[in-house]
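Have the structure open beside you as you read.

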Amino acid sequence: MSNLIVVPNKKEEVKNILQKDIKGIILGIENLSTYEACFTIEEAIEIAKETDKEVIIAINKMIHNSGLPLVKIVLEKIKDSKIDKILFYDLGIYNMAKKMNIKKDFIIGLEHLNASIDSNKFYYEKEITSTFITSDITYREILDIKENTKMKVYYTVYGYLPIFYSRRRLLTNYFKYIDKEMKDNLYYIKNNELLYMIKEREFGTIIYSPLINLINELEKISNLDYFVIDLSFTEDINIIDDFLNHKKVKDTYIGFFDTKTTYKVKGDKNEKKD
Amino acid sequence: MKKKIELLAPAGNLEKLKFAFAYGADACYIGGREYSLRANAQNFSLEEIAEAVTYAHNLGKKVYVTVNIVFHNEDVNGLVDYLKKLAEYKVDAVIVSDPLVIEIINKYKMDLKIFISTQTSSLNYEMVDFWKSLGVTRVVLGRELSKDEVKEIIDKTGIEVEVFAHGAMCSSYSGRCTLSNYFTGRDANRGGCAQICRWEFPLYDKNLEEVISDTKFTASSKDLMMMDVISEMIEIGITSIKIEGRMRSNYYIATVINTYRLLIDDYYNNSLTEEKIRKYRKILNRVANREATIQFWDKLPTENEQYYLGRSENSNQDFLGIVTGYDEQEKMVTITERNYFKKGDEVEIFGPNIETFSFTMPDIYDADNNIVNVARHPEEILKFKLDKKVYENDIIRVKIS
């Protein structure tokens with residue numbers, strides 16, 4: 001079995017996806033997840049019951065107080081289910097799960113906010129044994145985290161990454177301001193000829209990166225535990241086969257895979273001298 | 001009686017810190033040269049942090065130091081020694097977003113209070129409870145919370161909470177934005193944010209047809225101004241209200257801090273009248289270079305809370321000069337000029353030790369006592385006669401009130 005974990009693009013594809021040689025699946029939970037395809041907790045439990053593959057539920061939306069009662073219901077329901085792991089963003093979810101004595105594996109998916117060996121060691125000490133590692137550090141930094149911690153590392157090798165998440169309804173507000181009809185909840189902006197998708201939903205607005213595809217880079221990161229293929233906003237689930245076959249592809253966008261960010265303006269008096 | 005709400009000011013350097021304290025701040029938050037989210041602000045050397053803390057403590061005030069970047073492996077070197085220094089200097093708290101800092105402080109048993117940065121987007125009582133369980137004493141809540149949400153967090157956790165009251169807003173939940181990384185290579189969560197949310201873009205639909213409009217798409221938010229709900233903020237039990245802006249000018253800091261100081265004191269003295277509120281609003285509106293409004297406190301922001309007017313921001317010309325001395329015998333004020341003014345202009349002076357008062361500008365003299373009557377050279381030393389005593393660092397501005 002491969003180490004591929006898949007985020008499905010739509011409910012109807014789950015069965016087909018599970019038939020492929022993958023390790024498991026991540027299911028966003030309705031009203032608690034940012035993923036494009038979301039499932040009720042009952043649907044997720046049913047899927048887990050019918051497969052021998054790993055089933056992870058995702059609670060990765062920004063959670064306000066009003067969302068906590070639903071989180072509690074979901075955690076209660078998965079207690080005795082075959083759901084294997086909980087992927088969470090908000091540390092309040094973890095806090096609640098510990099209080100409820102939920103005996104499931106936790107995957108911390110803090111995106112940009114968890115980017116070092118020591119931070120991951122901290123979470124591991126809290127019995128969070130897996131990290132869905134951020135894509136805005138380089139693969140060498142990620143390998144360092146893998147080598148120097150006991151964390152199981154999940155890493156997106158394919159998909160659109162959320163790179164901006166606002167509680168504001170930015171498309172609605174814009175179209176009201178310009179007094180035009182908003183015909184869809186999905187638009188694009190461009191920078192350096194790259195397209196960035198803007199998607200508005202009831203919980204706010206997310207801007208996504210261009211499509212990340214690390215299919216040509218897999219050998220460099222073979223030490224990592226799980227490769228995540230996020231099919232949100234894509235139609236073709238056969239991309240999974242391409243990854244299984246290590247098919248080479250031309251001109252893929254790889255984000256910060258081998259590019260460091262900077263944070264001091266060049267020439268600034270505070271510029272870090274490495 | 002409940003403790004008075006804390007007025008927390010930004011300070012980008014030692015001079016700004018002194019201004020902030022002089023104009024009424026109870027505490028200042030500052031960044032060191034490393035590990036702080038305003039990487040391109042001047043920030044404080046370790047020696048300056050020590051000086052700032054001594055200065056503040058002599059006034060009975062507090063200094064909090066931001067150590068709030070999201071650490072990458074390469075950033076961790078030197079952090080333990082840095083934190084030990086901060087503890088040695090007796091800073092009143094460190095503001096952190098990455099829990100590895102908490103781990104170090106606890107491991108080395110450092111005598112440092114820990115506040116959680118808004119960068120963590122702490123939005124619910126369970127998350128705040130998690131921080132509390134780590135020994136954190138205060139959480140700076142996310143700017144996206146409503147009054148009811150803030151109140152519920154306070155009621156359910158009992159922890160100190162700090163809430164933003166004034167200044168620029170992120171359009172994204174803090175910490176969940178890397179637009180700057182993708183668009184410019186500058187790391188938003190390590191202090192390099194290029195404010196992409198303020199950029200304007202043509203918007204394209206699914207078929208990549210451009211949405212035609214004179215106004216381009218932007219995520220830009222108007223600034224935050226909570227003065228109208230300051231009473232509610234006090235009454236629900238917020239511990240500290242925070243003014244944003246470590247890179248703002250002395251004039252901005254003095255004006256905003258002074259105004260919130262008056263607002264808070266008026267509230268506690270039961271002397272906050274509608275007339276005063278109108279006056280304070282006028283002052284805050286004048287000092288801002290962008291429109292400011294309440295954001296999430298009472299509703300979800302609409303198009304009225306967004307900023308679609310482009311990058312053009314007003315340059316404030318109200319700030320005319322800073323008092324550098326007053327000769328009581330000659331009744332002569334000496335100032336350093338900042339913006340153009342002339343004899344006959346209606347101006348006012350405000351400061352921490354005086355009631356704001358206005359007057360018509362009399363004859364103006366240069367440093368050699370020649371009559372000039374027009375101030376047109378910023379940084380020029382000028383003098384004029386004034387019967388009322390004023391003090392060093394009082395500020396002269398265009399008449400507003």
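Predicted model: local features only at pLDDT ≥ 70, side-chain atom pairs only at ≥ 80, totals over all residues.

Residues are numbered from 1 along each chain as its sequence is written, while chains are lettered from A and ligands numbered from 1 in the order in which they are written.

**Chain A as a whole**

Chain A holds eight helices and 14 strands; helices (H or I, at least four residues) and strands (E, at least two) are DSSP runs, numbered from the N terminus. Its radius of gyration is 19 Å, close to the 19 Å that the globule rule gives for 274 residues, so chain A is as compact as a globular protein of that length. Here the radius is taken over C-alpha atoms, and the rule is 2.2 Å times the number of residues to the power 0.38. Along the principal axes, the C-alpha atoms of chain A fill a box of roughly 55 × 50 × 40 Å.

Chain A is split into domain 1 (4–160 + 209–244) and domain 2 (162–208), with bounds that come from an automatic or database domain assignment. Their centres, taken over C-alpha atoms, are 25 Å apart.

**Who touches whom**

Two residues are in contact if their C-beta atoms, placed from the backbone, lie within 7 Å. Seven residues of domain 1 of chain A contact 10 residues of domain 2 of chain A. Between the chains, 55 residues of chain A meet 59 residues of chain B. The side of chain A that touches chain B has 26 nonpolar, 14 polar and 15 charged residues. In this count Ala, Val, Leu, Ile, Met, Phe, Trp, Tyr, Cys and Pro are nonpolar, Asp, Glu, Lys and Arg charged, and the others, Gly among them, polar.

**Strands in chain B**

Strand E12 (residues 332–337) of chain B has two antiparallel partners in the table. Strands pair if DSSP finds at least two bridges between them.

| Pair | Bridges | One bridge |
|---|---|---|
| E11(B) (residues 319–327) and E12(B) | six | B:Gly325 with B:Thr334 |
| E12(B) and E18(B) (residues 381–385) | five | B:Ile335 with B:Leu382 |
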